[in-house]
Amino acid sequence: MEPSAWSANSGKKKPRVGEDLLETALAIGGWLMIGASLLPLSRSDVWWVRIFEFPRLQLTLCFLVIFVMYVLVREDPSAADHVFLGLLAACLTYQLWRMYPYTPLARVEVERGSRRDDESAVGILISNVYMDNRNTHVLRELIAENDPDLMLFVETNAWWEQALSDLQDNHPFTVRSIKENTYGMLLFSRLELRNARVQFLVQDDVPSIATEVLLPSGKSIQLRCVHPRPPAPQESDRSAERDAELLIVAKEMQGCDDPTIVAGDLNDVAWSRTNTLFKRISGLVDPRVGRGFFSTFNARWPMLRYPLDHVFCSTQFRVLAFKVLRNCGSDHFPVFARLSLEPSATAEPREPPPSPDDQQEAREKINAVEPRGR
């Protein structure tokens, strides 16, 4: 006779030791996931709070697994069980809502280009080369395959400056800020650069680049290249410096009528609070909206990848190409974007104009640090 869940003599249910342990483990894991979802809703800038904005996809998968397994293993659900499952469902819905704009289900924010006018188009390749990486072969292959007009390399030190020096043969306009601290920057351009300058917006060892780029059509665009320090225990114990640098750039772009591109390794994910505030303040749009995540980091860990390398543009642009390129030995995948400056472009920002509260939050974040001379 098969063993029964009930004792024939006592009529009592046998203990469910394994199931009870699993249910307890799922409850603990679920509450931890709920906490990880709620923490970033605060305005705290400590790194262990802001870091939970990164793994939204991973948290979503955890919520889904815990929700399904908890429903299957629980018995005689109590009111507390219903509350717990309701919170799991609410957090799962919230995470999906935050990621939804970066899926093909959403309406695109930047239209597909209607023409391929080389005189009004600009291609930009962005690569965090990883300072200790010594593999330049694949990177050169990617440059040859995509033929960018602009190339931005970050984490460039003296070794990388020398290794890439021959790129100046075809891209003679350069801006350099070589550092041995993983925050060096190199910009190569085949298009004329005007008023190019290296800026230290927040920290005197973290550069950014500001320049005008003259297109073959004779029109010029504003370009800002940034690579702020991330909130991480080995880098910074808070996100204040990163947030301030991005919002200083956003403030510079606010109300600017010139066509503008902001690009770089922002050390921030597309769906973060700061990224949303950056878009509202600057009025810039994101070619990824309605197209995909385009995750670039970490190239070495497939299950932990986030969209950290960005290209934002003003509403005068359409997108001809936007793609993540193959691994070139770095912990970041390079990104390539080709944008077309078109008078008929009608990009519609997904984010609303900044509210007074948004403006106040941006001021507070900028005032939380000591901006350097700009």
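**Stop 1: around Ile 261**

Select Ile 261: leaving aside neighbours within four places in sequence, this residue is in contact (heavy atoms within 4.5 Å) with Val 122, Ile 221, Gln 222, Leu 223, Arg 224, Val 311, Phe 312, Cys 313, Phe 317 and Leu 339. Before moving on, note that this is a predicted model, where local features need pLDDT of at least 70, side-chain atom pairs count only at pLDDT 80 or more, and totals for chains, interfaces and linings use all residues. Residues are numbered from 1 along each chain as its sequence is written, and side-chain values use heavy atoms, with hydrogens and water left out.

Now widen the selection to the largest nonpolar core, which has 32 residues. A core here is a set of buried Ala, Val, Leu, Ile, Met, Phe, Trp, Tyr and Cys residues joined through side-chain atoms within 4.5 Å; buried means under 20% relative accessible area, exposed over 50%, and partly exposed in between (1.4 Å probe, protein chains only). Ile 261 is among the residues with the most contacts inside this core, as are Val 122 and Leu 187. Strand 11 (residues 335-341) gives the largest share, four residues. Helices (H or I, at least four residues) and strands (E, at least two) are DSSP runs, numbered from the N terminus.

**Stop 2**

Show the six strands in the order 3-4-2-1-11-10: they form an open sheet with mixed pairing. Two strands pair if DSSP finds at least two bridges between them. At the edges are strand 3 (173-177) and strand 10 (317-324), each pairing on one side only. Next, pick strand 2 (residues 150-154) and strand 4 (residues 185-189), which run antiparallel and are joined by five bridges. Met 151 stands opposite Phe 188 in strand 4.

**Stop 3: aromatic pairs**

Rings of Phe, Tyr and Trp (its six-membered ring) pair if their centres lie within 6.5 Å; planes under 30 degrees apart count as stacked, over 60 as edge-to-face and the rest as tilted. How many aromatic pairs does a search of the whole structure find? There are 10.

Then select Tyr 102 and Trp 271, whose centres are 6.2 Å apart with planes at 70 degrees, so they are edge-to-face. Tyr 102 is buried, and so is Trp 271. To finish, pick Trp 31, Tyr 70 and Phe 84, which ring pairs link into a cluster.
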